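These are my notes from an afternoon with one model. I wrote down each thing I looked up and what I found.

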Protein chains: 2
Amino acid sequence: MIPTFTIDAFHRGRFHVMQPKGGGHRSGVDAMLLASLVASDKSISVADLGSGAGAAGLAVAARLAKARVQLIEKSPLMADYARKTLALPENAFLAGRVEVIEADVALSGKPRVAAGLRDEIHDHVIMNPPFNDAADRRTPDALKAEAHAMTEDLFEAWIRTAGAIMKPGGQLSLIARPQSIVEIIEACGRRFGGLEITALHPRPDESATRILVTAVKGSRARLTFRAPFFVHGMDGHAFSGFVDDLNNGRAAYPRLSPKRNRSEA
Amino acid sequence: MIPTFTIDAFHRGRFHVMQPKGGGHRSGVDAMLLASLVASDKSISVADLGSGAGAAGLAVAARLAKARVQLIEKSPLMADYARKTLALPENAFLAGRVEVIEADVALSGKPRVAAGLRDEIHDHVIMNPPFNDAADRRTPDALKAEAHAMTEDLFEAWIRTAGAIMKPGGQLSLIARPQSIVEIIEACGRRFGGLEITALHPRPDESATRILVTAVKGSRARLTFRAPFFVHGMDGHAFSGFVDDLNNGRAAYPRLSPKRNRSEA
């Protein structure tokens, strides 16, 4: 019999995630790097938008003992995997601080609140929005406009929701492909400022494959391109030391600028 | 008597630029890096928008023996320095391939053509648009909106002109501050695609202070963040080898993707 799911260890076995095998998005390093952007010793409330089986949100909860996390996932299948993930005995140490909300991140207004996404309750919102690699490989003209519009709508809707459920001065964190930078900046618009962007390059001489972005709700600070990350050194395939620490939950990657709320802006 | 101008050597003395002393923008490394983005052995036509005394345009002409260059400068004072620069005996080897056009880059339509900026004649357009450091230092609220609008208008107007005077498939190259990324991307809009962005960091662990951007007229290719430049190594103040080569005209920094014109797009 072929297993339909796997149970994967993260943070060197500190927590586990049950996720479907084959088909659909499987969480890995992206989710761990995303989680590393949340840096706080306080009793914070964190929302993981489009959480899937919960890898990023659980990585926050695993590293930050005072963090409470909402996993927000539209797909009944993936929300079910998130619930099963929380029920794993290995995750008992954090399960009490994590809840699953089965809801569409793209909702707005009263339907959003009715779905359990309440206004201005979170200190941090993290997201690793889905993207369609297949659409990129098919050549442009036919699909391009459509795919582009889809992506634009996605970032607009997700970042709008992030702004709504976050406290003033709260931090948005996301990981995305470099090509999405325009949609992200436009969606941040006047909702978020003080963008800090870190490009992830597989190697020092290669183009970026991901960007890490943080922003602060209500900030008017200008954009910064932080020192880049190189995932691998020039020779060999091992993760560079700092990226390895982030991937394994041994370090956080805090913002350069402290959070600013409206009164400080 | 205090001199009102200086004559500065570039490319280790290969050419010289006469520029006013104190007050106003003085050209240096930024202009040399901008010039390095033009890479072609063919008989190309290049426009340097807002050329000042001509440092970037002359750096192109000095390195590329077949390049013809138009220096386009609004300020009568700076255009005069550009003409004096061309008249320097040290610059005789390139002066025949360079002309000065005293015109406002922000012109459009018939006035632009009448000022000497003809449609679709250039293979390359380069620009190092002015920015106001003082405005950034003064704290926001009062000046912010105004300064922001100014910058936005500037990139929109300059990139519109670049698109107009460039052949289809021609290359736009610019150097700017990282904060200007949004205005640049928006101004490129549907005129230019295939943006390649290189962040310049003073040191590997510091945030970027400049971005180099190239784009191709009519391209629909997606954006790339190229491997970053570190101007200095972690220790000491000498330029890193490659940046030093670019600064001294010993190397070009060509695009990753070959130029695409409309028919290839």
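Which residues does R250(B) touch, not counting residues up to four places away in sequence? I listed R12(B), D244(B) and D245(B). I keep in mind throughout that this is a predicted model.

**Entry 1, R250(B).** I placed R250(B) in the segment after α9 of chain B, a helix that covers 241-247. I then looked up the side chain and found a polar contact with the side chain of D244(B), at 3.1 Å.

Next I went to strand β2 of chain B, residues 15-20, where Q19(B) has its place. Is Q19(B) buried or exposed? I noted it as buried, because its relative accessibility is 1% and the cut-off for buried is under 20%. The side chain of Q19(B) has a polar contact too, with the side chain of D8(B) at 2.8 Å.

I superposed chain A on chain B and got an RMSD of 0.0 Å, using a rotation of 180 degrees with 0.0 Å of shift along its axis. I wrote this down as the relation of a two-fold axis. Of the interface residues of chain A, 100% are also interface residues in chain B, so the copies meet through the same surface.

I counted 27 residues of chain A in contact with 27 residues of chain B. The size of an interface is often given as the accessible area lost when the parts come together, and I looked that up as well. Chain A and chain B bury about 2,100 Å² between them, with 64% of it on carbon and sulfur atoms. Q179(A), R222(A) and F225(A) supply 31% of the area that chain A buries against chain B, more than any other three residues.

I checked the interface for salt bridges and the rule found zero. For polar contacts I have two residue pairs between chain A and chain B, both at pLDDT 80 or more.

On the side of chain A that touches chain B, the elements giving two or more residues are α8 (181-188) and β10 (224-225). The largest share, five residues, comes from α8(A). By type, I sorted the residues of this side into 13 nonpolar, four polar and 10 charged.

Notes:
Residues numbered from 1 in each chain as written. Chains lettered and ligands numbered in written order. Predicted model: local features only at pLDDT ≥ 70, side-chain atom pairs only at ≥ 80, totals over all residues. Heavy atoms only, no water. Least-squares fit on C-alpha atoms with pLDDT ≥ 70 in both. Contact = heavy atoms within 4.5 Å. Helix = DSSP H or I, 4+ residues; strand = E, 2+ residues; numbered from the N terminus. Polar contact = N/O pair within 3.5 Å; in protein donor to acceptor, adjacent residues only side chain to side chain. Buried < 20%, exposed > 50% of the residue type's maximum accessible area, 1.4 Å probe, protein only. Buried area = accessible area lost by both parts, 1.4 Å probe. Salt bridge = Lys/Arg side-chain N within 4 Å of Asp/Glu carboxyl O. Nonpolar A, V, L, I, M, F, W, Y, C, P; charged D, E, K, R; others polar.
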